[in-house]
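I opened my notebook to get to know a new structure. Come along and have a look with me.

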There are 2 protein chains.
Amino acid sequence: MSSAPERATPRSRGKAARAPLNRDAIVTAALAEIDAKGLEGLSMRRLGSALGVEAMALYHHFPSKGELLDGVMERLLAEAELPPSGSMPALERLRTFVRSYRQIAIRHPHAFVLLAVRRFNTEAAFALYERILDALDEAGFDAVHSARLFRLIGYYASGAGLAEIASRSQEPDATPVHLETFSDRQRFPRVAAVARYLRANSLDAVFEFGLDLLFDEIRKQAAVGKRGREAGSGE
Amino acid sequence: MSSAPERATPRSRGKAARAPLNRDAIVTAALAEIDAKGLEGLSMRRLGSALGVEAMALYHHFPSKGELLDGVMERLLAEAELPPSGSMPALERLRTFVRSYRQIAIRHPHAFVLLAVRRFNTEAAFALYERILDALDEAGFDAVHSARLFRLIGYYASGAGLAEIASRSQEPDATPVHLETFSDRQRFPRVAAVARYLRANSLDAVFEFGLDLLFDEIRKQAAVGKRGREAGSGE
DNA sequence: ACCTGAACACCGTTCAAGT
DNA sequence: ACCTGAACACCGTTCAAGT
C-alpha cells in the first residue's frame, strides 16, 4: 500500500531522463535494498546507484543515514494495522494490531530489527502511540494502567517479531549450532524433548497462545480494577 | 564473575612484553569497547589497538567478527542468573531469571542488542535453554506448554530489555522528537496524559507489573491444565 | 534546487611474510 | 603458534563545484 512515488516525466526510462529524487522514492528503494540484502547490505553508495544517482545526492534529501533509517521505520510502521474506533471492541483492535505488527517482522525480517533497536521518535510513531493509548482508554484503563499495558503489549509484539526473525533467517557468520536441527539428547535432553515445538513452523501457535494469555488477563483487569486503582511507585 | 585472563609473564607492562592473546581477553576488551563506545564503535582495528596488537592478530583467535560477537553474547549470557533447582520454587527461579536478564540490558545497553538481534547458537545458550526448560518441567508443564511458556518468557524478557535501552540511551542521529520531554497536548493528548508513566524512571514498576501478570497466569496454567492438555497445531 | 567528484578518515578480511 | 604489513574492496560524510 502507501504512496507511490510520482514520476514527473513520461519519458523516464534512461538514467539520463530520471525524475528528480524525493524522500518517498529513496525510502522505497532503501527498504527494497534491506529486504533483498539485509541491513548491513544497505549503503548510501549502493542505494544511490540503485536509484541511478551518486551517493552524495541522497544527502540532499536526508541529512544522514540515520534519518533515512527513521524514514524506513515510518514506512514499516505504516504496515501496522489498528482498526478504527467503533469497528470492533477496543481490546480486539489491539489484538489485531499486535498480530499485524508481527506480520511486519515476517514480511521484512531484515528491516524489522530497526523497529526493535532504534528509538521511535518520528511523528508517525507518536500518531500510532496515540491510537494505541486511545484504545486502552476506550477499554477503560486509567493513565497508569494504560502505560503499563502499552509497554506489556509492546514487549510482547517486539519479542515475538524478533523471534520470527531469529528462527527463520540464518546469520551466516555465527557459530554453527542450530536449534532447528538440534538433537543432542545426551547433553541437553530437555531441549531435545521440546525442540520440535520451538521450531519456526510452531511459532504461529505459540504466538496465538501468548496473545490469548495476555489479553485474557488484560480483559480481566479491565473488568475488575480499572480506573483509579493506584498501585504505587508511579514516578 | 567469569575467568580472568591469565598473564603469562610477570613483566608484562610494555607492549613489547605483552602476554599472548586469548579468546577470553579479546572478548573482555570487546565488551568494554562496546560498553564505552557502542556497537558501531567496535572495530577490529580499534579493538586490536586497545589490546596492543594489530587488528589482524585477532583473526588468529576468532575466524570473523561475527564469531567474536557470539563470544560477547556468551559473556553477557553468563550474567543471567537462574538459581539452582531446590533453592526456590521453579516459577520463582524463572522470575529471577527474567529480572536478571533485564539487568543485563541495564548494565550493557549497547551490547544487549546482540542478544535481541543475533541467533543464540552457542553452547552456553543451549545450556541456558536446558535449565529454563528444566524449571518449566519441574513446574509441571509438558513439552508443548514448556515451549510456549519458554517463548512467552523470552518475548517478555527481550522486549523489556530493549525498552530499557530505547528509553535510556539516545540515538544521536535520529529525528529529534523525544517522549521524555513530550508535551504536545493538541495533537497527541493521550500520549501527553500517559507520558509521565512511560518515562524511563517508571520502567521498574512497569516491568514488575508485567512480570506479575505473566507469572500469575503461568501459575494458574500450572495448577489447572498441565501435562497432557493437547492444544492442536503442534507441527 | 539538485546533483557530481574528489577527498578524508575509516571499515572487515585476505594473503604472504616474518619470528 | 602467533603476529605483522600491505593490499583489496569497501564504508559515511564533507566540501567545493557544477547546472
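**Starting from one leucine**

I picked B:Leu133 and listed its contacts, skipping neighbours within four places in sequence: they are A:Arg190, A:Val191, A:Val194, B:Ser146 and B:Phe150. I kept in mind that this is a predicted model.

Next I looked up where B:Leu133 sits, and found it in helix 6 of chain B, residues 123-138. Is B:Leu133 buried or exposed? Its relative accessibility is 0%, so I noted it as buried, the cut-off for that being under 20%. I also checked B:Pro89, which is 44 residues from B:Leu133 in sequence and 14 Å from it in space, C-alpha to C-alpha.

**The two copies**

I then laid chain B on chain A: a rotation of 180 degrees, with 0.0 Å of shift along its axis, superposes them with an RMSD of 0.0 Å. The copies are therefore related as by a two-fold rotation axis. Both use the same surface, as 100% of the contact residues of chain B recur in chain A.

**Around DNA strand D**

I turned to DNA strand D and found 19 residues around it, with A:Arg45, A:Met56, A:Tyr59, B:Glu54 and B:His60 coming nearest.

By class, I noted nine nonpolar, four polar and six charged residues in the surface near DNA strand D. Helix 2 of chain A, residues 44-50, gives the largest share of this surface, three residues.

Last, I looked at phosphate oxygens of DNA strand D. One is 2.7 Å from a polar backbone atom of B:Glu54, and one is 3.0 Å from a side-chain N or O atom of B:His61.

Conventions. Residues numbered from 1 in each chain as written. Chains lettered and ligands numbered in written order. Predicted model: local features only at pLDDT ≥ 70, side-chain atom pairs only at ≥ 80, totals over all residues. Heavy atoms only, no water. Helix = DSSP H or I, 4+ residues; strand = E, 2+ residues; numbered from the N terminus. Buried < 20%, exposed > 50% of the residue type's maximum accessible area, 1.4 Å probe, protein only. Contact = heavy atoms within 4.5 Å. Least-squares fit on C-alpha atoms with pLDDT ≥ 70 in both. Near = heavy atom within 4 Å. Polar contact = N/O pair within 3.5 Å; in protein donor to acceptor, adjacent residues only side chain to side chain. Nonpolar A, V, L, I, M, F, W, Y, C, P; charged D, E, K, R; others polar.
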